[in-house]
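Visitor: I have a model open and would like to learn how to read it. Where should we begin?

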Amino acid sequence: MAAKIENNYGDIIISNSVVANIAGAVANNCYGVVGMVVRNAKDGLVSLLKSSNYSKGIKIGVEDNMLTIDMHIMVQYGVNLTAICGSIMHNVKYQVSDMTGFEVKAVNVYVESMRVTTA
C-alpha cells in the first residue's frame, strides 16, 4: 500500500518503491555500509543489490499514514555495528520524513552479511 496525503487540492500518493529508493540511497551514504542485500529464500544466500533495485532489500509498511522501514544491509568488516545501525536509523528517519512529509514510525536495520577484504 502506498503512502497517501490528502489536502484541499487533492491527494498525494507516494509509491513504496520511491520511499525505498530514498531510504536505500541515504543508507548507502552512511560510513561502513557496502549496500542493500536480499536473501534467497530457497538456499539462504545473500545477494548484493545494485542501486536500481533497492526496493528488493527494503520493505515499506504504511499504517495510519506512518511509515515503517525494514532494511537489509551488508556492512564492511571492522565497523561498530551498533554505531552504524544507529546512524542509519537516524539518517533514514530524518531524510525520508524531510523528503516525503510522512512521519517515520520505525527504521529496522537487519545486518545480513559482512564484507571481509584481505590486504
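Guide: Begin with pLDDT, the predictor's confidence in each residue, from 0 to 100. The protein chain averages 84 here, and 84% of the residues score at least 70. This is a predicted model: local features need pLDDT of at least 70, side-chain atom pairs count only at pLDDT 80 or more, and totals for chains, interfaces and linings use all residues. Residues are numbered from 1 along each chain as its sequence is written, and side-chain values use heavy atoms, with hydrogens and water left out.

Visitor: Which elements have the lowest and the highest mean pLDDT?

Guide: Where pLDDT is low, the predicted coordinates should not be read in detail. Strand β4 (residues 46–48) has the lowest mean among the elements, 63. Helix α3 has the highest, 94.

Visitor: How many helices and strands are there in the protein chain?

Guide: Helices (H or I, at least four residues) and strands (E, at least two) are DSSP runs, numbered from the N terminus. The protein chain has three helices and seven strands. Along the sequence the pattern is β-β-α-β-β-α-β-β-α-β.

Visitor: How do I read strand pairing?

Guide: Two strands pair if DSSP finds at least two bridges between them. Take β5 (residues 58–63) and β6 (residues 66–76): they pair in the antiparallel sense over six bridges. Ile-60 stands opposite Ile-69 in β6. On to β7 (residues 103–115): β6 and β7 run parallel, joined by eleven bridges. Here Leu-67 stands opposite Val-104 in β7. Between β6 and β7 the chain crosses through helix α3 (residues 81–100), and this β-α-β crossover is right-handed. Right-handed means that, with the strands pointing away from the viewer, the path from the first strand over the helix to the second runs clockwise.

Visitor: What is found in the turn between β5 and β6?

Guide: The two strands form a hairpin with two residues between them. Asp-64 lies in that loop, and its phi is near 55 degrees, a positive value in a residue other than glycine. Asn-65 sits in the loop too, with a positive phi of about 60 degrees.

Visitor: Is Asp-64 buried or exposed?

Guide: Buried means under 20% relative accessible area, exposed over 50%, partly exposed in between (1.4 Å probe, protein chains only). Asp-64 counts as exposed because its relative accessibility is 68%. Asn-65 is at 44%, so it counts as partly exposed. Of the 119 residues of the protein chain, 33% count as buried.

Visitor: Which residues have the most contacts inside the largest nonpolar core?

Guide: In soluble globular proteins, nonpolar side chains tend to be buried together. A nonpolar core is a set of buried Ala, Val, Leu, Ile, Met, Phe, Trp, Tyr and Cys residues joined through side-chain atoms within 4.5 Å. The largest one has 29 residues. Those with the most contacts inside it are Leu-67, Ile-69, Met-71, Ile-88, Val-92 and Val-96. At least two core residues come from each of α1 (16–28), β3 (33–39), β5, β6, α3 and β7. Helix α1 gives the largest share, six residues.

Visitor: What is Val-92 in contact with?

Guide: Contact means heavy atoms within 4.5 Å. Leaving aside neighbours within four places in sequence, Val-92 is in contact with Ala-23, Val-26, Ala-27, Ile-69, Met-71 and Val-107. Now look at Asn-91 in helix α3. Not counting residues up to four places away in sequence, Asn-91 touches Val-26 and Cys-30. Asn-91 counts as partly exposed, because its relative accessibility is 28%.
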